[in-house]
Amino acid sequence: MSPPGVSDKELWRAQKLKQAIIHPDTNEKIFMPFRMSGYIPFGTPIVVGLLLPNQTLASTVFWQWLNQSHNACVNYANRNATKPSPTSKFIQGYFGAVISAVSIAVGLNVLVQKANTFSPSTRLLIQRFVPFPAVASANVCNVVLMRHSELEEGIDVFNSNGKIVGSSRIAAKHALIETALTRIVLPMPILVLPPIIMSILEKTPVLRSHPRLVLPVHSLVCLAAFGLALPLAISLFPQMSEIETSQLEPDIAMATTSKTVIYNKGL
């Protein structure tokens with residue numbers, strides 16, 4: 001029942017605000033740029049930078065570094081925090097993601113530039129798709145390296161009453177796989193759709209006669225793609241996921257009568 005003077009609508013709104021701002025494990029506020037609810041406004045300028053045409057080596061390195069720096073902070077802020085995570089794991093994940101993203105992006109750009117079989121226009125179009133494999137692979141690297149300790153120590157699983165049943169490494173594995181898959185799906189529409197759309201729009205008479213409009217239009221297309229991709233990626237797996245106790249360690253299955261338990265997979 002709702003408290004006196006508070007409607008169900010107000011309660012639902014309060015719950016949404018709490019879930020958007022408060023970490024479910026620590027009950028502490030997540031810094032605004034690193035909340036999932038802040039991913040689009042703070043992440044879109046980075047996406048625009050990643051997809052800028054005619055990237056130099058320096059600009060490629062800069063935007064990949066900035067993107068993975070933001071991703072690392074988002075991953076850490078939204079991690080499963082039922083167990084303490086050493087700062088060394090954050091640093092390891094951060095550098096691993098940055099190195100992998102920059103290496104793949106620079107390597108693919110060099111390969112495309114050396115491919116003599118492509119025309120200049122085709123080469124430019126292919127280069128626009130380079131950020132996706134670089135970002136997707138680095139995102140997975142970022143998640144695995146930063147949260148690898150969860151595989152060793154396990155994460156807490158809860159019964160339907162919110163009581164801790166035990167610490168499960170199998171649940172931790174499920175959490176990391178689900179988060180990694182989300183991180184692959186998330187950049188797909190963001191980094192694949194805008195290059196396709198912009199390659200079409202740039203041929204229109206309006207943008208041909210007004211080249212200064214290319215960047216604002218590009219930004220709006222990226223914003224729309226981000227707005228489409230984020231809810232889609234997050235909805236793949238709920239943050240508070242369920243798993244059957246029969247799939248977990250025997251000691252956890254024996255510690256509860258519940259058929260399923262809940263764990264925070266992180267975002």
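Analyst: Buried means under 20% relative accessible area, exposed over 50% and partly exposed in between, with a 1.4 Å probe and protein chains only. At 8% relative accessibility, Thr60 therefore counts as buried. The model is predicted: local features need pLDDT of at least 70, side-chain atom pairs count only at pLDDT 80 or more, and totals for chains, interfaces and linings use all residues. Residues are numbered from 1 along each chain as its sequence is written, and side-chain values use heavy atoms, with hydrogens and water left out.

User: Where is Thr60 found, and what is it in contact with?

Analyst: Thr60 is found in helix α3. Helices (H or I, at least four residues) and strands (E, at least two) are DSSP runs, numbered from the N terminus. Leaving aside neighbours within four places in sequence, Thr60 is in contact (heavy atoms within 4.5 Å) with Gln55, Ala105, Val106 and Asn109.

User: What does the protein come to overall in helices and strands?

Analyst: The secondary structure comprises 12 helices and four strands. The C-alpha trace spans about 65 × 45 × 30 Å along its principal axes, and buried residues make up 42% of the 267 residues. Among contacts between residues at least 6 apart in sequence, 70% join residues at least 24 apart.

User: Back to α3. At what angle do α2 and α3 cross?

Analyst: The axes of α2 (residues 39–50) and α3 (residues 57–77) cross at roughly 160 degrees and come within 9 Å. Axes are lines fitted to C-alpha atoms, for helices over the stretch in contact, and angles run from 0 to 180 degrees between N-to-C directions. That makes α2 roughly antiparallel to α3, since angles over 145 degrees count as roughly antiparallel, under 35 as roughly parallel, 65 to 115 as roughly perpendicular and the rest as oblique.

User: Which residues make that contact, and how do they divide by class?

Analyst: From α2 the contact has Tyr39, Phe42, Gly43, Pro45, Ile46, Gly49 and Leu50, and from α3 Trp63, Gln64, Leu66, Asn67, His70, Asn71 and Val74. They divide into eight nonpolar, six polar and no charged. Ala, Val, Leu, Ile, Met, Phe, Trp, Tyr, Cys and Pro count as nonpolar, Asp, Glu, Lys and Arg as charged, and the others, Gly among them, as polar.

User: How about α8 and α9: what is their angle?

Analyst: Helix α8 (residues 169–185) and helix α9 (residues 187–201) pack at about 15 degrees, with their axes 4 Å apart. That makes α8 roughly parallel to α9. The contact is made by Arg183, Ile184 and Val185 of α8 together with Pro187, Met188 and Pro189 of α9. By class it has five nonpolar, no polar and one charged residues.

User: Is Val135 buried or exposed?

Analyst: Val135 counts as buried, at 4% relative accessibility, and is found in helix α6 (residues 131–146). Leaving aside neighbours within four places in sequence, its contacts are Leu50, Gln64, Asn67, Gln68, Pro187 and Leu191.
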